[in-house]
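Subject: Model for your files

Hello,

Here is the structure I said I would pass on. Please open it alongside this message.

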Amino acid sequence: MFGRGRSQQGSRGSRTDNVEVQETFTPLERAKHLGNSKLSLQRLVFVYELVETAHEIGYEDTVKQLLPLVKKLAGDVEILVRQKLVPHFGDLAGFLIQSDPEKGYE
């Protein structure tokens, strides 16, 4: 009886480890990890950190690395991810336009 409880705790512990994100990730690595996660909660974290991450990594990496993830998440299977992504478009567009007024409108 006690052995089963321990093995169940161990399996729960390993699930928790899969949810944690390494603190040693760069902002870009973190965004890519979260944005590509199979867990909708982690994809939501990506959405909430999107604009801040764009400011941290700069225009070029945002266009090359984050925008493809944004496009992918705009069609996410979880409606909540899609709903929470839309309000960030204005701030993200503002960042792109301010960072490069000529290319930012593209």
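Below are my notes on the model, from the overall fold down to single residues.

This is a predicted model, in which local features need pLDDT of at least 70 and side-chain atom pairs count only at pLDDT 80 or more, while totals for chains, interfaces and linings use all residues. Residues are numbered from 1 along each chain as its sequence is written, and side-chain values use heavy atoms, with hydrogens and water left out.

Confidence

pLDDT is the predictor's confidence in each residue, from 0 to 100. The average for the protein is 84, and 79% of the residues score at least 70. Over residues 1-17 the pLDDT stays under 50, and the model has zero contacts there beyond four places in sequence (a contact means heavy atoms within 4.5 Å). Where pLDDT is low, the predicted coordinates should not be read in detail.

Overall fold

The protein has six helices and zero strands; helices here are DSSP runs of H or I with at least four residues, strands are runs of E with at least two, and both are numbered from the N terminus. Of the 106 residues, 29% are buried, where buried means under 20% relative accessible area, exposed means over 50%, and partly exposed is in between (1.4 Å probe, protein chains only). Among contacts between residues at least 6 apart in sequence, 58% join residues at least 24 apart.

The core

The largest nonpolar core has 20 residues, and F46, L50, L66 and L92 have the most contacts inside it. Helices 2, 3, 4, 5 and 6 each supply at least two residues of this core, and helix 3 gives the largest share, seven residues. Such a core is a set of buried Ala, Val, Leu, Ile, Met, Phe, Trp, Tyr and Cys residues joined through side-chain atoms within 4.5 Å.

Helix 3

Helix 3 has a kink of about 60° centred on L50. The bend at a residue is the angle between axes fitted to the seven residues ending there and the seven starting there. Leaving aside neighbours within four places in sequence, L50 is in contact with L66, V70, L85, H88 and L92. The buried residues of helix 3 include F46, V47, L50 and V51. G58 follows the helix and has a positive phi, near 90°.

H88 sits in the loop between helix 5 and helix 6. This histidine is buried, with a relative accessible area of 16%. Not counting residues up to four places away in sequence, H88 touches V47, Y48, L50 and V51.

Helix 4

Helix 4 (residues 59-73) reaches 19 Å from its first C-alpha to its last, close to the 21 Å expected at 1.5 Å a residue; the expected span is 1.5 Å times one less than the number of residues. The helix bends by about 40° at L66, with a proline, P68, following within four residues. P68 is partly exposed, at 43% relative accessible area, and its C-alpha is 10.0 Å from that of G35, 33 residues apart along the chain.

Y59, T62, L66, L69, V70 and L73 are the buried residues of helix 4. They pack against helix 2 (27-35), helix 3 (40-57), helix 5 (79-85) and helix 6 (89-99).

Regards
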